[in-house]
Amino acid sequence: MPSSVVTGDLFAAHNDPAHPESEARLKAALAGVPGGARRIAPEQALPGDLALVHTHRHIAAIRSLCRACPPGRACYIDPDTYVTRGSFDTALYAAEAAWQAVEQALGGEHSFALVRPPGHHAMPDRAMGFCLFNNVAVATARALREVDRVAIVDWDLHHGNGTQVAFYTSDRVLYCSVHQMGVFPGTGWPEEQGSGPGVGYTINAPLESGSTGADYALVFRRIFLPAIRRFEPDLVVVSAGQDAAFDDPLGSMLLRPDDFGVLTGMLLEARPGALALALEGGYGRSHAAAIGSIFAALDGARFTPREGAPKASTRLLVEAYTAAGHAVPA
């Protein structure tokens, strides 16, 4: 199955070189994209597309903040999250690029939107955690106009609180997040399972710091993949943040580049069809190698999980999900 990447130089308009989420980290990640991947230039989303997830007030506030930011400066919304004069337009490109990746996947081609700023922390009415608008949530909301069910798998180091909130009451979106326990934003606990019609369609797997690919593979095999098979989605979208890597300065997980290939391959085996991925976090030196492993898996390579036992806490988490009917016995 062919693969494409949606990306471009225009994301440099949102940039604070002193911040971890800078244009330099996207350039570093792009080094992992294979030369044969088809490149697609990003287009711009319309504010109305953002309004499928975000309030009009939030959209207008980000636009105003960007216009008020002096040229050549970064203006901070909170200690983590900044805008520049060009950030609003850049965020529109990021949101549309995620949708372009979804369109390619619906057409039978794996596609990875390598964009910035990231999105999975952006709430309907608030920017936070480096994120202005929720790229994956907006693309998923647009996809639901064409398909019945979408599964979102979020393997970023941090819990995607914004994505969870966007679909917390929906039975048309299955949200599965594996993340480091207890770090920013402090959400993503197993008891957060959705509400109303959405009960049971949010699955959170918080893991202890120092978890490895063995822990992630166990969560996928026993919790996420059975849930995805039962859900029978028309589309799988990945919030692909590689900040769970062993050398990432913002996290304390120990995944190796090949582990991201393992997870990608597991998703492909769980559901035939193309994947749509959108970049979230990832700030370590091994990020390019992780991106390369993801593309290799999309191209048909299958990675063998590394030797090693999952943590006892991970096994207990899986057993709890099994007892509750969310997982299947090994």
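In this predicted model, Arg-85 sits in the loop that runs between strand S4 (82-83) and helix H4 (87-106). The residue is partly exposed, with 44% relative accessible area. Setting aside neighbours within four places in sequence, Arg-85 makes contact with Cys-66, Arg-67, Cys-69, Pro-70 and Pro-71. Gly-72 lies 13 residues away from Arg-85 in sequence, and the two C-alpha atoms are 7.6 Å apart in space.

Next come the aromatic rings. A pair of aromatic rings is described by how far apart the centres lie and by the angle of the planes. Searching the whole structure turns up seven aromatic pairs. One of them joins Phe-130 and Tyr-283 in an edge-to-face arrangement, with 6.0 Å from centre to centre and 90° between the planes. Phe-130 belongs to the loop between strand S5 (110-113) and helix H5 (135-143), while Tyr-283 belongs to the loop between strand S10 (275-279) and helix H9 (287-298), so this pair ties together parts that are 153 residues apart in sequence. Both partners fall under the 20% cut-off for buried residues: Phe-130 is buried at 15% relative accessibility, and Tyr-283 is buried at 16%.

Trp-155 and Phe-260 also pair up, this time with ring centres 6.2 Å apart; their planes meet at 55°, so the pair counts as tilted. Here again distant parts of the chain are linked: Trp-155 is in the loop between strand S6 (150-154) and helix H6 (161-166), Phe-260 is in helix H8 (residues 257-270), and 105 residues separate them. Trp-155 is buried at 0% relative accessibility, and Phe-260 is buried at 1%. A ring also figures in a contact with a charged side chain: Arg-256 lies over the face of Phe-246, 3.8 Å from the ring centre.

Trp-155 turns up again in the nonpolar core. The largest such core has 98 residues, and Trp-155, Phe-220 and Phe-224 are the ones that touch the most other members. For Phe-224, leaving out residues up to four places away in sequence, the residues touched are Val-153, Cys-176, Ser-177, Val-178, Ile-203, Ala-205 and Val-219.

Two secondary-structure elements stand out for burial. In strand S9 (residues 235-240), six of the six residues are buried, so the strand is largely enclosed by the rest of the structure. In a regular strand, side chains alternate between the two faces of the sheet. For S9, Leu-235, Val-237 and Ser-239 point one way, Val-236, Val-238 and Ala-240 point the other way, and all are buried. Among the buried residues of H5 are Asn-135, Thr-140 and Arg-142, along with Val-136 and Val-138.

What are the strand partners of S9? S6 pairs with S9 in the parallel sense over five bridges, and Asp-154 stands opposite Ser-239 of S9. S9 is joined to S10 by five bridges as well, and these two strands run parallel. Ala-240 has Leu-279 of S10 as its bridge partner. From S9 the chain crosses through H8 to S10, forming a β-α-β crossover that is right-handed.

Most peptide bonds are trans, and most residues other than glycine have a negative phi. Even so, the peptide bond from Arg-116 to Pro-117 is cis, with omega near 0°, and Pro-117 is found in the loop between S5 and H5. Phe-184 and Pro-185 are likewise joined by a cis peptide bond, with omega about 5°; Pro-185 is in the loop between strand S7 (173-180) and strand S8 (202-207).

As for phi, Phe-130 has a positive value near 75° despite not being a glycine. This is the Phe-130 in the loop between S5 and H5, whose ring pairs with Tyr-283. Glu-232, another residue that is not a glycine, has a positive phi of about 50°. Glu-232 is located in the loop between helix H7 (213-231) and S9. While Phe-130 is buried, Glu-232 is exposed, at 53% relative accessible area.

Technical notes:
Residues are numbered from 1 along each chain as its sequence is written. This is a predicted model: local features need pLDDT of at least 70, side-chain atom pairs count only at pLDDT 80 or more; totals for chains, interfaces and linings use all residues. Side-chain values use heavy atoms; hydrogens and water are left out. Rings of Phe, Tyr and Trp (its six-membered ring) pair if their centres lie within 6.5 Å; planes under 30 degrees apart count as stacked, over 60 as edge-to-face and the rest as tilted. Helices (H or I, at least four residues) and strands (E, at least two) are DSSP runs, numbered from the N terminus. Buried means under 20% relative accessible area, exposed over 50%, partly exposed in between (1.4 Å probe, protein chains only). A charge sits over a ring if NZ of Lys or CZ of Arg is within 6 Å of the ring centre and within 35 degrees of the ring normal. Two strands pair if DSSP finds at least two bridges between them. A crossover is right-handed if, with the strands pointing away from the viewer, the path from the first strand over the helix to the second runs clockwise. A nonpolar core is a set of buried Ala, Val, Leu, Ile, Met, Phe, Trp, Tyr and Cys residues joined through side-chain atoms within 4.5 Å. Contact means heavy atoms within 4.5 Å.
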